[in-house]
Amino acid sequence: MAFALVNNPARLGLGGGFFGISGVTPSFVVEFDTYWNPGFADPMFDHMSIASNGNVAHSNLQNLAGPVSMQPDSSNVEDCQEHDVRLTWDPVTDSFKVYFDCELRLSYQGDISANFFGGTRLLYWGMSAATASRYNYHSFCLDYLGVVLPLRDTTICIGDTVNLNTGTGFSYAWSPATNISDLNVPNPRVWPTATTMYTVIVTDECGGERYDTVLITVDLPSDLG
């Protein structure tokens, strides 16, 4: 299977050992490979790598990172179990990281937009998969997207209620526990009687945390006498 960033969602790559992504240019690809293909300079263990322009061979300059074993303590991940994959991108440090079963296995340092897509900031992501003469079961389940809009500061009248929504994650912890419907959901209702700063910690399956704050300003009525 492969995770890919592309600037054209209508492109279709080559099948077989090419993962359905080979030939799609430009692209930025994370490969998850459980088949040994010597013609691509594959290692004999189940491996993963990062490549550009859909080139899944490991013997050329378009191979950006890896191949490495998906799991540091196992050469075979075909165990009929689901495995957690986490992909993160930090636009401040230009750092792209790939975690497999909560272990950091691959990273790429560089401006993906500038280096591979001519500076465009609008990209599409997706998954592809293919086999040649063999067969396998390919699936992925999207647990959550960490790309969410930040909480927006809001002004309300006293007595009003406002809904907050921090997006999806594995667990949530809101504070303070004042005039809030639930401290452990992504979308609680709040009705503060005074201006209050609420903070949320969103935790993913591997223990990674994301923080956000929102200021709810309570507009008190004027006393005209």
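Which residue in β7 is the bridge partner of phenylalanine 100?

1. Basis. This is a predicted model, where local features need pLDDT of at least 70, side-chain atom pairs count only at pLDDT 80 or more, and totals for chains, interfaces and linings use all residues. Residues are numbered from 1 along each chain as its sequence is written, and side-chain values use heavy atoms, with hydrogens and water left out.

2. The partner of phenylalanine 100 is glutamate 103 in β7. Strand β6 (residues 95–100) runs antiparallel to β7, and six bridges join them. Two strands pair if DSSP finds at least two bridges between them. Strands are DSSP runs of E, at least two residues, numbered from the N terminus. The three strands form an open antiparallel sheet in the order β5-β6-β7. Its edge strands, β5 (85–90) and β7 (103–109), each pair on one side only.

3. Arginine 210. This residue sits in strand β14 (residues 209–219). Arginine 210 is partly exposed, at 24% relative accessible area (buried is under 20%, exposed over 50%, partly exposed in between; 1.4 Å probe, protein chains only). Its side chain reaches the backbone oxygen of threonine 166 at 3.2 Å.

Key. Helices (H or I, at least four residues) and strands (E, at least two) are DSSP runs, numbered from the N terminus. A polar contact is a pair of N or O atoms within 3.5 Å; within protein, one must be able to donate a hydrogen and the other to accept it, and residues adjacent in sequence count only if both atoms are side-chain atoms.
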